[in-house]
Amino acid sequence: MSRYLLLLRHAKSAWDTGVADDFERPLAKRGMKDARRMGQWMRGEGLAPDHVLSSPAVRAQETSILVCKELGISKKDLHFDRRIYEADVTTLLAVLADCPQGRNTIMLVGHNPGLEELLTWLWGEKTALPEDGKLLPTATLARLRMPRDWAQLERGCGRMIVLTRPRSLPEQTD
């Protein structure tokens with residue numbers, strides 16, 4: 001059976017909320033809308049993960065909760081890992097290595113630049129950046145086919161299946 005990794009960058013955050021630090025920044029209205037749209041699209045594509053890991057930063061928590069609500073995944077089934085916040089590739093690989101081996105589709109919700117660096121490392125190919133220069137703008141989902149062992153990931157071991165931005169999704173009517 002194939003394994004998949006879903007890398008989801010948190011949705012658009014609000015900068016004008018007066019919170020004391022970056023960790024506490026919540027989602028903007030657009031971010032909430034994009035997170036719900038991404039969750040609806042994922043549901044329609046049959047992309048429900050069987051293990052969800054998220055940064056505990058407020059904007060990542062809110063993103064993972066909104067996406068998972070659309071997928072029918074309860075908040076109690078989400079795993080918040082402090083290591084994901086401000087993580088580099090080595091740290092994100094350690095987070096993935098700690099995942100239960102019986103899980104076939106893992107969704108990792110986090111932040112740039114770490115997620116982009118992990119995607120590039122796993123993909124292992126020279127990545128042509130889109131015109132805006134961003135591989136993973138907010139609320140973008142990358143789906144990769146992965147090897148069987150989450151603890152034995154090597155550079156270039158992932159195969160990109162799709163990279164989906166919320167602005168490329170059709171407007172939801174429900």
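Two strands count as paired if DSSP finds at least two bridges between them, strands being DSSP runs (E, at least two residues) numbered from the N terminus. In this predicted model, local features need pLDDT of at least 70 and side-chain atom pairs pLDDT 80 or more, while totals for chains, interfaces and linings use all residues. Residues are numbered from 1 along each chain as its sequence is written, and side-chain values use heavy atoms, without hydrogens and water.

Let's start with strand 1 (residues 3-9). Its antiparallel pairing with strand 5 (residues 141-146) covers six bridges, and Leu-7 stands opposite Ala-142 there. Strand 4 (residues 105-110) runs parallel to strand 1, again over six bridges, with Val-109 as the bridge partner of Leu-8. Seven of the seven residues of strand 1 are buried, so the strand is largely enclosed by the rest of the structure; buried means under 20% relative accessible area, exposed over 50% and partly exposed in between (1.4 Å probe, protein chains only).

## Salt bridges

The whole structure holds eight salt bridges, each a side-chain nitrogen of Lys or Arg within 4 Å of a carboxyl oxygen of Asp or Glu. One of them joins Arg-25 and Asp-22 at 2.4 Å, N to O. Arg-25 is buried at 7% relative accessibility, whereas Asp-22 is partly exposed at 29%.

Lys-76 and Asp-77 form another, with their closest N and O atoms 3.6 Å apart. Here Lys-76 is exposed, at 68%, and Asp-77 partly exposed, at 38%.

Definitions and conventions
Helices (H or I, at least four residues) and strands (E, at least two) are DSSP runs, numbered from the N terminus.
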